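Dear colleague,

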Amino acid sequence: MEWDDEAVVLSVRRHGEHAGIVVLLTRQHGRTAGLLPGAWSPARRGVVQPGNRVRAWWRARLSEQLGTLRLELLAAHAAAALGDPGRLAALSAACALVERTLAERAPHPATFAALVALLEALPADSWPSIYVHFELALLRDLGFGLDLSVCAASGRREDLAYVSPRSGRAVSQAAGQPWHDRLLPLPRFLSSGGEGGRDEIGAGLRLTGYFLARHAGPLPPARGRLADRFAPDP
């Protein structure tokens, strides 16, 4: 059993003295793990950094086995983010979320495309807004997409200000005002486009985080560290 595919490194952990267990999100084969001999050698250590895009060759005697890997670096996104704590936090959070939420070996081409788009956009100043959109895309791919286009109560498409925590649908300012303390704030950039400021990004992360935790379980620590960077000032 063997295949080759484009992939993003999600994590790596030691296996024995020199090898590593590398977890990948592949374009066609989903989340897959494999044994990489010599993973901690100087030549390969930089390749297996989480967030890097690679070409992966996987081989095993039986399809259900762990399999062995050969990797070729395509884009060193991890090295590009090392100089900026915020961008590195976003990269780490995205990789940890994908590893936590996706079932093993189930194809998720939409999440793969969203993750690659985020990694390629990290050098841009708009990366925080793009990160929130990445989490919305992940929710859609998991089958729990939010409807932020129209008010669930009135059918209006204007002045959307809240999201129902039960249905995941938008609610307008007027319709939601009587129950505003029970609804989740909807940042304007998610309903009207453009980029969000720091407070809006924080609200966006609280929104997506609520539904990710509800549908996929506890969020990984890396996601919490990213959210802390956009938490309201005390």
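Strand β5 (residues 68-75) pairs with β4 in the antiparallel sense over 7 bridges, where pairing requires that DSSP finds at least two bridges between two strands. Within this pair, Arg59 has Thr68 in β5 as its bridge partner. Strand β4 (residues 53-59) is also joined to strand β1 (residues 2-15), again antiparallel and over 7 bridges; here Asp4 is partnered by Trp57 in β4. Helices (H or I, at least four residues) and strands (E, at least two) are DSSP runs, numbered from the N terminus.

The model is a predicted one: local features need pLDDT of at least 70, side-chain atom pairs count only at pLDDT 80 or more, and totals for chains, interfaces and linings use all residues. Residues are numbered from 1 along each chain as its sequence is written, and side-chain values use heavy atoms, with hydrogens and water left out.

Strand β6 (residues 160-163) is joined to β8 by 2 bridges, and Val163 stands opposite Leu184.

As for the helices, the axes of α3 (residues 85-101) and α9 (residues 221-229) come within 7 Å and cross at roughly 145°; axes are lines fitted to C-alpha atoms over the stretch in contact, with angles from 0 to 180 degrees between N-to-C directions. Residues in contact (heavy atoms within 4.5 Å) include Ala93 and Leu97 in α3 and Leu226 in α9.

Yours sincerely
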